[in-house]
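Student: Could we go through how domains and the nonpolar core are read from a model?

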Amino acid sequence: MALLSLENVSVAYENQLILKDFNLQVEKGELISLLGPSGCGKTTTLRLIAGFLEAKQGAFLFQDKDYTRVPVNKRNFGFVFQSYALFPHLSVFDNVAFGLRLRKVKEADIVKRVGQMLEVVNLSGFEKRFPKELSGGQRQRVAIARALVIEPDLLLFDEPLSNLDANLRVNMRVEIRRIQQELGITTVYVSHDQEECFSISDKVAIMNKGVIEQLGSPAAIFKYPKTEFVARFIGFTNFLNGSERQERDGQVELKVAGHSFLIASQAGNEGRTGKKCAIRPDDLQVEAGHGSTGEPNRLNGIVKISTYLGRSYQYVVETALGNFTVNQEMDTPYQNGQQVSLVFPREKLVLVD
Amino acid sequence: MQEKNRGLAVFTFLVFLFLLGPLVIISLTSFEPSTVLRFPPKGFSLRWYENILDVEMFLETFKTSIFVSVIGNLLALALGIPAAYALSRYQFKGKGFFNAVFLSPVLIPGIVLGFAMLKYVIVIYDLPIYAGLLVGHTVVMLPFIIRVIASSLANFDFAIEEAAYSLGSGKLATFFKVVLPNIRSGIIAAILIAFLESFNNVDISVFMTGPGVSTLPIQMLTYVENNFDPTIAALSVVLMIITAVLMFLIERLLGLSYFTKR
């Protein structure tokens, strides 16, 4: 049985249904990310788990107990806010000690535990500072220490890094992952940054319009997105819409307006019955000159736009099936208007729903 | 450029003269030794300052004014803080209506409000004069309390409150431990402004006072009707000093810029 389980939960906000019959299971000790564009319901889900929002329907089970109506302050969950939400009138020490004081912990133990926690987040010696005297990264580490020191049953992050600059973001996410693994604490993490989620999570749930489109390990999602939405969200820009589909010799053949595309069957691809497939710009290959028509997985076209990306060139190639984006490393780039042919490697094509 | 600046300086000086001139004249006439109010004074004397203490009603009404302003302030705070909190924190139906209702005492002419209060509180409910006066002043102070505290809550990140909940704090405890300390300066400002508003109030008081009960500004009006000596000038100077001290305190505690930012 999962540690945390949302069962057919619906949440409405100002008469608008944000989540409908929503389900999610989180296992003990894992870090799961909710990822999606703004308005997809990820923050709503997190606030529901925290108890800031109430479910209209459905149940929230935690450790097999019904938590649906348990108020926030009785849940013992740690919450880290996007705005850090430190208490401005309290020092770093008192901020971190806040939860312990409410739990009537002895003052001597408070000193010890706050000290240990500040060590974990590398902020020893900052006890007497006030929030406004700290940098953004330091504030966020105080917020994490404050949430962790109460030994929460669950740790919740709401876009904790989006107010930090790029370098700090990378450092902090490594830090968050380190602390999470060191303490083995079950964590739900919300972000709209794909790289951030994929780098620190055991599992990622990609959300769209209040629904989880795909839940899986970062690698599985990255390689085999299940739906067109997920594929687009994680960087697949090229899609082929087939009209006919055949399976033979362990591969799928898709007919797209008379052109034939072969897709290799792979473990992560199994059981997909759609007639649509996707490929990343990095996986598509471009060759000079037109190839023979009728050859599977090949499409003739001309270069429309060419841009320099630093490591490679990016081309937009116009074909009979529409425009395709392709990245390729090369010394001398193709010219606009040049005749080229695109090659779709069969093991790189991914069937999506 | 130089020329322009000089023009501006003269203009500024004239504005100040216009604003402060009467106060300067009043201050100077309060030192007049004779029994006639005149400017410029013919000599220097503090006898009218002594006279303030000799007129029994001044001390009496001063006490009433202080009492009504302080107790009314506490009542207005008790009503105004929760109201300001609700108006800033929550979205609810009729929020605009409540906003308007709470601010209406500033928008309605004082004389109209005073008359309405007289009709309502004294005539219909037959409240004792003292209680009626207190109710009137509470109503006068309420909009200022709500306004100032709401603007201080506008800068308050309510995620901080949620952080306290998530750490195990109940709603009431969070309000006292987290919200109040962070809007402290707003509350102090609200108290001082409301106090000044109430202490100097004439238009409501004039309807709500009655036999035996009066406030200082009303007593001063009555005195001027019957006497023409510089006692009132002296008393005005004392009140100006009290007001200046209060403003100085606000400035020191919060900075006057507190009231201009929105």
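Student: Which domains does the domain assignment of chain A give?

Tutor: Domain bounds come from an automatic or database domain assignment, and for chain A they give domain 1 (4-227) and domain 2 (229-352). This is a predicted model, in which local features need pLDDT of at least 70 and side-chain atom pairs count only at pLDDT 80 or more, while totals for chains, interfaces and linings use all residues. Residues are numbered from 1 along each chain as its sequence is written, and chains are lettered from A in the order in which they are written.

Student: How many residues of domain 1 of chain A are in contact with domain 2 of chain A?

Tutor: Two residues are in contact if their C-beta atoms, placed from the backbone, lie within 7 Å; by that criterion 13 residues of domain 1 of chain A touch 11 residues of domain 2 of chain A. The largest share of the domain 1 side, four residues, comes from α7(A).

Student: Which residues have the most contacts inside the largest nonpolar core?

Tutor: In soluble globular proteins, nonpolar side chains tend to be buried together. A nonpolar core is a set of buried Ala, Val, Leu, Ile, Met, Phe, Trp, Tyr and Cys residues joined through C-beta atoms within 7 Å, buried meaning that 20 or more other C-beta atoms lie within 10 Å of a residue's own, with C-beta atoms placed from the backbone. The largest such core here has 100 residues, and those with the most contacts inside it include A:V96, A:A143 and A:L342. Both domain 1 (4-227) and domain 2 (229-352) of chain A give residues to this core, so it lies between them. Leaving aside neighbours within four places in sequence, A:L342 is in contact with residues including A:L284, A:V317 and A:F324.

How values were computed:
Buried ≥ 20, exposed ≤ 12 C-beta atoms within 10 Å, placed from the backbone. Helix = DSSP H or I, 4+ residues; strand = E, 2+ residues; numbered from the N terminus.
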